[in-house]
Amino acid sequence: MGQDHIRYDILAQDALRGVIRKVLSEVAATGSLPADHHFFITFLTQAPGVRISQHLKAKYPEQMTIVVQHQFWELKVTETYFEIGLSFSDKPEKLTVPFAAVRGFYDPSVNFELEFDVAMGEAEEEESAEITAYPVSEDGSPAAEAPKDGESKAGGSVVSLDAFRKKN
């Protein structure tokens, strides 16, 4: 197998992050979420471009999960990041999160989840390419235990894009 000069792994990650970008853009345009949809978004707090208060960085030194549901404001979405206002313990905060820092996106109303294996501090082109998209349990929560290698929460196989990349 030849060397991947096209970098399908990066293209696939960008495409899946585009799903998040598109969904958030639609919510920003309307100002609310449709029906029962709501989102859990997990991101690395120390990733380049992430802007959160020092208080939140101290409380979540590696990663944090935000919930976009009823109480959010000033959602702004660009090609590379989103900004959102949320309340933490009744204190308003503005967060800026690059899409490259997102590790997970979950909409429990339809059991849809995307996971990205993002390592902190890696250059974008060196980012790990393991991506997993799968439904979760009927009650809308992720499965209690992580899947074993080669298995998904839905019982099928999870294939890392790294498996298709030529090793040097």
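**Entry 1**

The model is predicted: local features need pLDDT of at least 70, side-chain atom pairs count only at pLDDT 80 or more, and totals for chains, interfaces and linings use all residues. Residues are numbered from 1 along each chain as its sequence is written, and side-chain values use heavy atoms, with hydrogens and water left out.

I then searched for the partner of R21. The side chains of R21 and E79 form a salt bridge at 3.9 Å, N to O; the term requires a side-chain nitrogen of Lys or Arg within 4 Å of a carboxyl oxygen of Asp or Glu. The two residues belong to distant parts of the chain, R21 to helix α1 and E79 to the loop between β3 (73–77) and β4, 58 residues apart. Helices (H or I, at least four residues) and strands (E, at least two) are DSSP runs, numbered from the N terminus. E79 is exposed, with a relative accessible area of 58%.

**Entry 1. Other salt bridges**

I noted the general point that side chains of opposite charge can pair when their charged atoms come close. The count comes to six salt bridges. R7 and D9 join through their side chains at 2.8 Å, N to O. Of these two, R7 is partly exposed at 24% relative accessible area, whereas D9 is buried at 4%.

K22 and E26 meet in a further salt bridge at 3.3 Å, N to O. They are separated by about one helical turn because they stand four residues apart in helix α1. E26 is partly exposed, with a relative accessible area of 45%. I also recorded a network in which salt bridges with shared partners join R51, E83 and K94.

**Entry 2. The fold as a whole**

I listed the secondary structure as two helices and eight strands. Along the sequence the pattern reads α-β-α-β-β-β-β-β-β-β. The protein has 168 residues, of which 36% count as buried. Of the contacts (heavy atoms within 4.5 Å) with a separation of 6 or more, 52% fall between residues 24 or more positions apart. The protein exposes about 9900 Å², and carbon and sulfur atoms supply 52% of that area; the area comes from the Shrake-Rupley method with a 1.4 Å probe.

**Entry 3. Strands β1 and β2**

I examined the pairing of β1 (residues 39–44) with β2, which is antiparallel and runs over six bridges; strands pair if DSSP finds at least two bridges between them. F43 has M64 in β2 as its bridge partner. In a regular strand the side chains alternate between the two faces of the sheet. Strand β2 (residues 63–68) has M64, I66 and V68 on its covered face, with Q63, T65 and V67 on the uncovered one.

T42 lies in strand β1 and counts as buried at 16% relative accessibility. The side chains of T42 and T65 are joined by a polar contact of 2.6 Å. For that term I required a pair of N or O atoms within 3.5 Å; within protein, one must be able to donate a hydrogen and the other to accept it, and residues adjacent in sequence count only if both atoms are side-chain atoms. Beyond four places in sequence, T42 touches residues including Q63, A101 and G104.

**Entry 4. The nonpolar core**

I found that the largest nonpolar core has 30 residues, and those with the most contacts inside it are I41, I66, F82, I84 and L95. Such a core is a set of buried Ala, Val, Leu, Ile, Met, Phe, Trp, Tyr and Cys residues joined through side-chain atoms within 4.5 Å. The elements giving two or more residues to this core are α1, β1, β2, β4 (81–88), β5 (91–98), β6 and β7 (112–116). Leaving out residues up to four places away in sequence, L95 touches F43, M64 and F88, among others.

I placed V102 in strand β6 (residues 102–107). V102 is buried, with a relative accessible area of 0%. V118 stands 16 residues from V102 in sequence and 7.7 Å away in space, C-alpha to C-alpha.

I located H38 in the loop between α1 (8–30) and β1. H38 is buried at 15% relative accessible area, and its side chain reaches the backbone oxygen of D36 at 3.0 Å. Beyond four places in sequence, the contacts of H38 include L33, Y106 and P108.

Notes:
Buried < 20%, exposed > 50% of the residue type's maximum accessible area, 1.4 Å probe, protein only.
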